[in-house]
Amino acid sequence: MSFSCLIPVTKIENLEITPNPNWLELPRDITINILRRLGTVELVTSASVACPLWWNICKDPLMWSTIDMITNISVSYSDYSYSNRLEKICHYAVQQSCGHLKDIYIKNFGTDDLLLHIANSANQLRCIWLEGCHDISNEALKKVVKKQPFLEELDICHCSDLRTDFFKYIGKCCPLLKSMRFSPCIEAAGDYKCDDVAFVIAESMYKLRHLTILNNQLTKNGLLAVLDGCPLLESLDIRGCLHLHFDRSLEKRCNTQIKELRFPTEYIAHKFNFGDYMYYLQLKLTLVILE
């Protein structure tokens with residue numbers, strides 16, 4: 001018994017200790033590949049200042065073609081100092097891209113100034129992903145999409161100032177749009193029904209292939225308009241649209257036209273937290289009073 005316990009110790013003593021690998025000796029293309037897997041905050045605050053080689057690599061505008069302000073980031077609505085820091089980091093990353101920005105992902109922070117800086121610095125965006133950005137106005141969003149003729153994917157969830165006329169701008173200014181995801185800031189409640197967004201989508205986004213409308217006041221009329229106006233649609237996610245009642249004809253129509261369909265009663269993993277939003281409004285009001 002005691003002999004068997006000594007075997008691992010003997011093996012450990014005979015192991016040859018090898019030095020840690022020198023990351024600076026990696027081929028440049030592999031180093032670039034590794035750095036591109038980092039989130040933007042990590043790239044700005046850590047990797048780009050780690051050593052002269054990495055600093056030189058990070059000066060390449062193509063390193064900033066994707067700005068990911070979501071990975072490994074947790075932002076509370078009450079943490080304004082951290083939100084301001086994230087906005088400065090994002091602003092810096094947009095500058096570094098030198099017009100090569102393609103995809104941008106932002107969650108729970110951001111202002112009109114940041115969004116307008118993005119609009120003025122990049123006109124080749126393919127993807128815009130915004131969630132919980134309550135300080136971004138409807139007018140600023142319109143100015144951004146107006147300058148993005150190559151936009152293919154738009155994901156906007158829980159942004160409190162979003163209006164129906166914004167979707168009209170998308171249809172006019174983004175003819176290549178193929179994927180859109182939308183979830184309102186306040187979930188559908190009571191007997192209020194509205195198909196305005198659906199009608200705008202049907203009228204102006206006929207090239208859509210993927211559409212997600214969550215927790216909306218969508219009715220059968222709006223859904224039929226979307227199915228008629230978007231003949232290329234392949235996937236449709238209408239979870240939380242509880243005013244929709246599927247009869248046999250509507251279900252048959254959807255199953256015939258749509259390859260991937262998510263129904264209104266299916267579970268949504270990440271729903272909008274109304275309590276957090278009210279807390280955010282209270283904080284904003286307090287700041288206004290203090291000013």
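## A walk through the fold

Of the contacts in the chain with a separation of 6 or more, 73% are between residues 24 or more positions apart, where contact means heavy atoms within 4.5 Å. What you're looking at is a predicted model, so local features need pLDDT of at least 70 and side-chain atom pairs count only at pLDDT 80 or more, while totals for chains, interfaces and linings use all residues. Residues are numbered from 1 along each chain as its sequence is written, and side-chain values use heavy atoms, with hydrogens and water left out.

The chain has 12 helices and eight strands; these are DSSP runs (H or I, at least four residues, for helices; E, at least two, for strands), numbered from the N terminus. Of its 291 residues, 44% count as buried, meaning under 20% relative accessible area, with exposed over 50% and partly exposed in between (1.4 Å probe, protein chains only).

Let's start inside, with helix α9 (residues 196-204). Its buried residues are V197, A198, V200, I201 and A202. The buried residues of α9 pack against α8 (164-173), β5 (179-183), β6 (210-213) and α10 (220-229).

Now for a charged residue. E131 sits in strand β3 (residues 127-131). E131 is buried but has no salt bridge, and the nearest side chain of opposite charge, K107, is 4.0 Å away. A salt bridge here is a side-chain nitrogen of Lys or Arg within 4 Å of a carboxyl oxygen of Asp or Glu; Lys and Arg count as positive, Asp and Glu as negative, and His and the chain ends are not counted. Setting aside neighbours within four places in sequence, E131 touches I106, K107, N108, C157 and H158.

On to the rings. Rings of Phe, Tyr and Trp (its six-membered ring) pair if their centres lie within 6.5 Å; planes under 30 degrees apart count as stacked, over 60 as edge-to-face and the rest as tilted. That rule gives five aromatic pairs. One of them is F166 with F167, edge-to-face at 5.6 Å centre to centre and 65 degrees between the planes. Both F166 and F167 are buried.

F246 and F263 have ring centres 5.3 Å apart and planes at 70 degrees, so this pair is edge-to-face. F246 lies in the loop between β7 (235-237) and α11 (248-257), and F263 in the loop between β8 (260-262) and α12 (274-290), so the pair ties together parts 17 residues apart in sequence. F246 is partly exposed at 24% relative accessible area, and F263 is partly exposed at 25%.
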